Amino acid sequence: DKKLILKENILTKFPKEIKEIILDDVDEINRCFGVEAWKSICMLAGRIVESSLLYYIELFDKKNPGNSNVRNITGKIQRHQQIGYDLITDTSQEIGLINENELTKNFSDLIISCRHPSVHFRGKKIVLNDKKIATIINSVEIIFEDIYENARKLNLTK
């Protein structure tokens, strides 16, 4: 039985408003395994990471105003505009919120390849399987813990 399990000790440290969003997405991912809804799992995994990053980017902006990419993102949030995943991850790496390594690059590539063809290039078949999904799930768990640890180092946690 496959499931996304974010270690409870990490989840309990996240503030309530972001933790509820994350838990809703984790529950939905776990339901998707039963019907092999691979694209849904992929997109929700990206959303979990993206939600966490956006939450901490906003906190970073309040404590460290002036970063132009951070201001660009927070401005888009306030205007309810779409924010590209690349901008979120690049900015998060720039400020030290996520680690710039092969794991995060591969995760981003998988999430983007899942999202873009399904949304922007209708008709192209996305080839996902349980091996790719297992990689995505494993990556979410590692990246999620890294986000919290890096947020702590940046004094963005309580």
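Colleague: Is Ile-112 buried or exposed?
Modeller: In this predicted model, Ile-112 has a relative accessible area of 17%. Buried means under 20%. Ile-112 is therefore buried.

Colleague: Which helix holds Ile-112?
Modeller: The helices are numbered from the N terminus. Residues 102–120 form helix 6. The place of Ile-112 is in helix 6.

Colleague: How far apart in space are Ile-112 and Gly-84?
Modeller: In sequence, 28 residues separate Ile-112 and Gly-84. In space, C-alpha to C-alpha, the distance is 9.6 Å.

Colleague: How many helices and strands does the chain have?
Modeller: From the N terminus on, the elements run α-α-α-α-α-α-α. The count comes to seven helices and zero strands.

Colleague: What share of the chain counts as buried?
Modeller: The chain has 158 residues. Buried means under 20% relative accessible area. The share that counts as buried is 44%.

Colleague: Is Glu-100 buried or exposed?
Modeller: Glu-100 lies in the loop between helix 5 and helix 6. Its relative accessible area is 68%. Exposed means over 50%, so Glu-100 is exposed.

Colleague: Which residues form a negative surface patch?
Modeller: Asp and Glu count as negative. Glu-100 takes part in this patch.

Note on methods
Residues are numbered from 1 along each chain as its sequence is written. This is a predicted model: local features need pLDDT of at least 70, side-chain atom pairs count only at pLDDT 80 or more; totals for chains, interfaces and linings use all residues. Side-chain values use heavy atoms; hydrogens and water are left out. Patches are made of residues with over 30% relative accessible area and no salt bridge: like charges are joined within 9 Å, nonpolar side chains (Val, Leu, Ile, Met, Phe, Trp, Tyr) within 5 Å. Accessible areas come from the Shrake-Rupley method with a 1.4 Å probe; for residues, only the protein chains shown count as cover. A salt bridge is a side-chain nitrogen of Lys or Arg within 4 Å of a carboxyl oxygen of Asp or Glu. The place of a charge is taken as NZ of Lys, CZ of Arg, CG of Asp or CD of Glu. Helices (H or I, at least four residues) and strands (E, at least two) are DSSP runs, numbered from the N terminus. Buried means under 20% relative accessible area, exposed over 50%, partly exposed in between (1.4 Å probe, protein chains only).
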